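Hi,

The structure we spoke about is below.

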Amino acid sequence: MNSPDSWILALSWLDRLIEAVRSPSYNLKVIYLGVTSLGLAAGVCGCFLLFRKRSLLSDTIGHSTLPGVCIAFLLFARWGSGGKSFIALMIGALITGWLSVRAVQWIKNNSKIKEDAALAIPLTVLYGLGVVLLSVVQDSNLNLQGSSGLEYYLFGMVASMIQAEAIMLAIVSLGALTVISLFFKELNCLSFDEDFVASQGLPHRWLDEVLMLTCLTVTIAGLQTVGLLMIMAAFIIPPATARLWTDSMPWTLAIAGFVGATGALIGAIASAVIFRLPAGAAIILASALLFGFSMLFGSRKGWVVRQLKVARLEKRLSENQLLRDLFDRLEAQQKVRLLAGLDFSRDLAQVSLPVHDILKDRGWSQRKERSVARSLSSQNLLKFERGDCVQLTTQGLERAIAVARTHRLTELYLIEHADVAPARVHQYVEKIEEITNPEIASDIHQLFSNELEQALIPAEPHRGGDTS
Amino acid sequence: MNWNIIDTWLLVTASLIAMACVLPGVFLLLSRQSMVAHGIAHAVLPGIVIGHLVSGGIETPALLTGAIIAGILCTVFTRFLHRFSGVEEGAALGISFTTLFAIGLIMQRLLADHVHIEPSHVLFGNLETAIFQVILEGGGVPDAAWRGLFALAINLVFVGFFFKELTITTFDAAHGDTVGARPRLTYYLLMAMTALTCVIAFEAVGSILVVAMMIVPPAIASLLTKKLKTLVALSLLIALFCAVTGYLLSLGFLGDTISGAMGFPKVGSTNAAGGISVVCGIVFVATLITKKLANRNPRNRPIR
Amino acid sequence: MPDSNCLNVNHLTVCYDRKPALWEAQVSIPQGTMTGIVGPNGAGKSTFLKAILDLIPATSGSVKFFGEDYRKVRHRIAYVPQRESVDWDYPISAREVVVMGRYRSIGLFRRVSREDRRKADEALDRVGMLDRADSQIGSLSGGQQQRVFLARALVQEADLYLMDEPFAGIDATTERVILELMRDLRESGASLVCVHHDLPTVADYFDHLVLLNLRVVASGAMNEVFTREQLTQCYGGRLDLLSKLADSLAKLEALRS
């Protein structure tokens, strides 16, 4: 394809994009309504599946509907008015879908077969039965009207969605959301700690059944319109995306619903714009892109946030290291030992210390040294002096003492209680400091508080005058 | 019904493919990766499309390579999502294989619409057409049978060669690492084997029933034995039994029973792959129930 | 007549997959006591708690709480499971976990009221976790998580607290907090039954003891049960035989099936 052609193509896409967004045709509006409400409901329901580690159950349910659809079709063709009755097919799908959920449970309860195979066996066997039934349905001897398109039941036909289907999807979605919000409290508890729900005498089996039936209904409502794989993705991708953003269950549900709806809408628009782009696949891809975006920028587990956290940690670590080095120098100059019961005075803070010494020992670059020192000085812990020297402020000295104390006590702890060789202890503590939280620090302090009572309490400033 | 040479070849092909599927299946089942097989069966699609675009044909080495790469990519993505973002494993698999499948589908529609990869063909498979094409061109051994034999041979060689490693890896990957069994490499080789088997079996049985043949016979065998070698042998036997029975039933019995039950006229043969997995399912349920009933026997009750 | 025992267990046998994990347990626990359940690994301690709470099916035997069936007096019993049993990655804050303890009294379809939240905060305060009430449960340390679960039991305002290894893998502060709290509860008339793993502290922490190793070796007041003789019997070699017996029984059953 040469470049003018691609320009024209791109322009025509842009044209259609504007049209699809600003003034969609009636058919498009119907599709938007259908897929958005489906994405919303599936995203919300999917959260509970995710937390109950049953994400792939939607896969099993979806595939297991095929025999139900075929049987319903056959029954309806025989005794009903003939042709494809939407409701009949849905009820058929509901029954075999529900059967597959039971089958998974039955296999798990009655054998040592693990979760994965317990999902795969009903999936493939019921699907196989569906394929057999499908060849019966489509047999030329039977010559059933409407049977030829039945296999497309599993792939979905977004483009041919009619108003009734879209309204049905909206109603199912609304119903599912109502059920979820009515039982939110209990479902939340169930997903977090099933044993507890059972021990409380709340009806956990019944709740589980409600949840499964809700998911089943949404799956089946979506199957015919958007297809099996898309409905599965709609259950899995939005909840996983939401997990990257938040630590609260209501927000998880909200974000999953939002991602589900947005992904579906973007996919539907894209397939309206690009000729021959299958809508189901476009919706999966759009959701996957939203997931990818969240992997990078999610506020909870996104890459950027984690990098920032690491950087902040590193910064704090380097600050502490510098403070400790300065303190060590002070200590050496004063020829006293912290653990031997030193009283520190305000005056001690007045001593200027050459920075380049530390630079040499740490092996830090000059830039790093500078930036760490500047950050300390901006927190008013340190003052720059003439001739590349620095001076700790009173607050700086206090923090330096606290840091050095925790550091040394941790070293001591490792030597005395964990049998780490004294020569090697330093390298561990440098690493441990990164992860030490205030609680552990206070535990360590407490551990030594009896033995080293005097030495561990830094002197009050007013007593400083006595010793210096 | 009229038995002819075509039926013989169909039966042979179905048996070969069923047995080829079981070999990776045993280890997939043991390492709890059954759904991964299902994922791979979908995820190979973009590889197939690219392979086709590169080579311009179907059933070429490029196509097989593409499929294997896509299949392995699926497992790599799954692992990555799990490790990097802490997504639960099942969900990670769901995300990666649906996405890869969607990409494949889009590529096929936009770039290679002339390729004859009917979605219904990929999903359902059709043993009969796979053979017919060859038979029409004149006698001899049909290609589909050759491919089934090829898959079985490759898988047998692989399992024979790596039996020790596969055992260690599927049982206890951490231990495998300590004795230098290269569990990661073995794992990916197993995945490659799965992808290869999937692609070869596609045409005949479709992407989903491949998984039935991979997982269900080993699952049945695992109800009966705990020894790995016996498990492999038994799975092969069960696969053979299910393939033969399934095929024979598909010739008329299954379809006629179903349509008869509904009061329709006789329909004749039905999809053979579907029949085979139905038989697999029946054998599985029967085995499990028999086992349960044996435990119910008052003589065998637990002490109270 | 109200039963003076908070728990009576009669001939309780539990099997996992045909293998007996607990044989013929016979235990009575008086009200207002702190009882430790002690025994070696795999002795069936957790199994015992789960079985009396109907969380796993018992093969035989009967269990009475306050002389009644469990279902009737459920509201008087609070259970603190072992920490491994939940999903730590779950998006839920410490306060929300504690509020769960009120769900039964709140009932279906009704919202969590301000009163429930206040009670949850009160319980969190009692375990010294109020300042971390909004933290996600997985971000807390092991000891803090344990305290939150204890708070969840507290808001149930029960008469009997069943705890599975409340002291396992926690820090010194938590251990102190939990112990004080447990003693407070006993003072106010509640009974406590804890699975415990640390022999040296048993005598300090509890006043009643159940020694368990696949069966009840001994149970009763601390000074009667906590003797060298009983302990050797519980931890010593002779009971290996029982576990071997259970194994071979299971194998036999497996062969027959």
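**Chain B contacts and make-up**

Take the contacts in chain B between residues at least 6 apart in sequence: 74% of them join residues at least 24 apart. Contact here means heavy atoms within 4.5 Å.

This is a predicted model, where local features need pLDDT of at least 70, side-chain atom pairs count only at pLDDT 80 or more, and totals for chains, interfaces and linings use all residues. Residues are numbered from 1 along each chain as its sequence is written, chains are lettered from A and ligands numbered from 1 in the order in which they are written, and side-chain values use heavy atoms, with hydrogens and water left out.

Chain B has 13 helices and zero strands. Helices (H or I, at least four residues) and strands (E, at least two) are DSSP runs, numbered from the N terminus. The element order from the N terminus is α-α-α-α-α-α-α-α-α-α-α-α-α.

Chain B has 304 residues, and 60% of them count as buried. Buried means under 20% relative accessible area, exposed over 50%, partly exposed in between (1.4 Å probe, protein chains only). Chain B exposes about 12500 Å², with 68% supplied by carbon and sulfur atoms. Areas come from the Shrake-Rupley method with a 1.4 Å probe; for residues, only the protein chains shown count as cover.

**Positive phi in chain C**

- His11(C) is not a glycine, yet has a positive phi of about 50°. His11(C) is in strand 1 (residues 5-16). It is partly exposed, at 41% relative accessible area.
- Leu214(C), also not a glycine, has a positive phi of about 65°. Leu214(C) sits in the loop between strand 8 (208-212) and strand 9 (216-221). It is buried, at 7%.

Best wishes
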